[in-house]
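Please look over the sequence and the structure shown below. A short briefing on selected residues follows.

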Amino acid sequence: MSLQMITVSNNTALIQPGFSLMNFDGQVFFFGQKGWPKRSCPTGVFHFDVKHNHLKLKPAVFSKDSCYLPPLRYPATCIFRGSLESEKHQYIIHGGKTPNNELSDKIYVMSVVGKNNKKVTFCCTEKDLVGDVPEARYGHSIDVVYSRGRSIGVLFGGRSYMPSAQRITEKWNSVADCLPHVFLVDFEFGCSTSYILPELQDGLSFHVSIARNDTIYILGGHSLANNIRPANLYSIKVDLPLGSPAVNCTVLPGGISVSSAILTQTNSDEFVIVGGYQLENQKRMVCNIVSFVDNKIEICEMETPDWTPDIKHSKIWFGSNMGNGNVFLGIPGDNKQASSEAFYFYMLKCAEDDVNEDQKTLTNSQTSTEDPGDSTPFEDSEEFCFSAEANSFDGDDEFDTYNEDDEEDESETGYWITCCATCDVDINTWVPFYSTELNKPAMIYCSHGDGHWVHAQCMDLAERTLIHLSEGSNKYYCNEHVKIARALQTPKRDLPLKKPPLKSLHKKGSGKIFTPAKKSFLRRLFD
């Protein structure tokens, strides 16, 4: 095993805990940035080009008939082939978090529709599910098993937000383990069926899963309800006859206690488990080899790489599998210096370069718990592992380069600012005040002068008023400028009162307005 430091030439801020890597025919692509995609790369997918220990992120493109794929972080992702012998594959993406901190329950299928020496064109389609539809979640796993010439997806574990009736302001982002149900998902017909297995009693998240033919192996994981990392090892076998599927679970000995680990495949019968946590505040520095001999699984410790002092002393780490036994790792930078990087990155090679390419086993590890802004700063690496090859990309510098200068600076566009003289929003405290992003307060734009952002909370706006203002395109002003804005308005022109014609007045008034004495006088005058 060898460890090399990787330098990133552009847009380092995109690579944060929660991303995933997808490998299409030896080319690795980055997916799952923390914010919404910018105009520089509206798809939010980048070619992950590593050469000579130097990483470049180059924007990827999608076909016109693709659906929108949000930048999901911590989804469950796996490779799907039509059959075990098929070389062409797609990626299945389920669940995950959006930049608004909402959880997705959608399932996407991502495939390559065009490829040349300059760029790869993707197509993404959304798959509708019927039946027992899994709830929105993250930290789970999805794998594909093959039995009797048929294939089906197996979804298990994860976490979800508490029911809406229990989500109060103080606990809006509180999560709970999903029920330990096993879902079988038919990607062709969009049918989902839930199974309750007596061997699976507790919900698990951030476990490692390995799909091998008709069996899924579940290793480790974290139970939020009990706050433990049990040394689990389950095998879930799926039989696909012409009728209803049969699902059986067996508890196997020899499991390991680990969560948030990264899994990479070194050959057709061997895998390596890297990283993870053994306690909430303690990384697991031991690596394990998972081998299959005569359809039996064996897990044993292996020689660890020469970890650098920075890796040893960091409280968190995260990364993903690049294929061919290569693992991409990240650790927080030194925040003591203003010029220090947010994260430092390494590549760990667990196998030699001549890796056996005949990999019929599909792997998937769903790792880590939260990102630094959401919860504990310790368990923080949401990783996804794939078995496809990760050879270096031959085409060079023909992609449109991502321009980091095009990114908007949130420090100047609102949120954590002192918006007015009476602003009392604490930047160190999460304030979900009428917010579309659950960890940022709602903002409103004052149109006075050059314009500026003001917290809706500081303007003392009711939620109904804020929604009403956001629906229209009219200008509105903060409390300090609303009087000025009113003074600038042109007063409405008063319309003159309509006077009835004199003839009409005389006609209506004769016999009613004049007294009898006046009538006698008028007769004598006109006679």
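Which residues does histidine 481 touch, not counting residues up to four places away in sequence? Histidine 481 touches Cys446, His448 and His452, where contact means heavy atoms within 4.5 Å. This is a predicted model, in which local features need pLDDT of at least 70, side-chain atom pairs count only at pLDDT 80 or more, and totals for chains, interfaces and linings use all residues. Residues are numbered from 1 along each chain as its sequence is written, and side-chain values use heavy atoms, with hydrogens and water left out.

**Annotated site**
- An unreviewed UniProt entry marks Cys446, His452, Cys478 and His481 as "binding site"; UniProt positions follow the numbering used here, feature names are shortened, and annotations may be inferred rather than shown by experiment.
- These residues span 36 residues in sequence, yet no two of their C-alpha atoms are more than 11.0 Å apart, so they gather at one spot.

**Cysteine 478 and histidine 481**
- Cysteine 478 sits in the loop between helix H2 (463-471) and helix H3 (482-488); helices (H or I, at least four residues) and strands (E, at least two) are DSSP runs, numbered from the N terminus.
- Histidine 481 is also placed in the loop between H2 and H3.
- Cysteine 478 is buried at 4% relative accessibility (buried means under 20% relative accessible area, exposed over 50%, partly exposed in between; 1.4 Å probe, protein chains only).
- Histidine 481 is buried, at 16%.
- Leaving out residues up to four places away in sequence, cysteine 478 touches Cys446, His452, Val454 and Met459.

**Lysine 349**
- Lysine 349 belongs to strand S30 (residues 343-349) and is partly exposed, at 31%.
- Beyond its neighbours within four places in sequence, lysine 349 contacts Met1, Ser2, Gly325 and Asn326.
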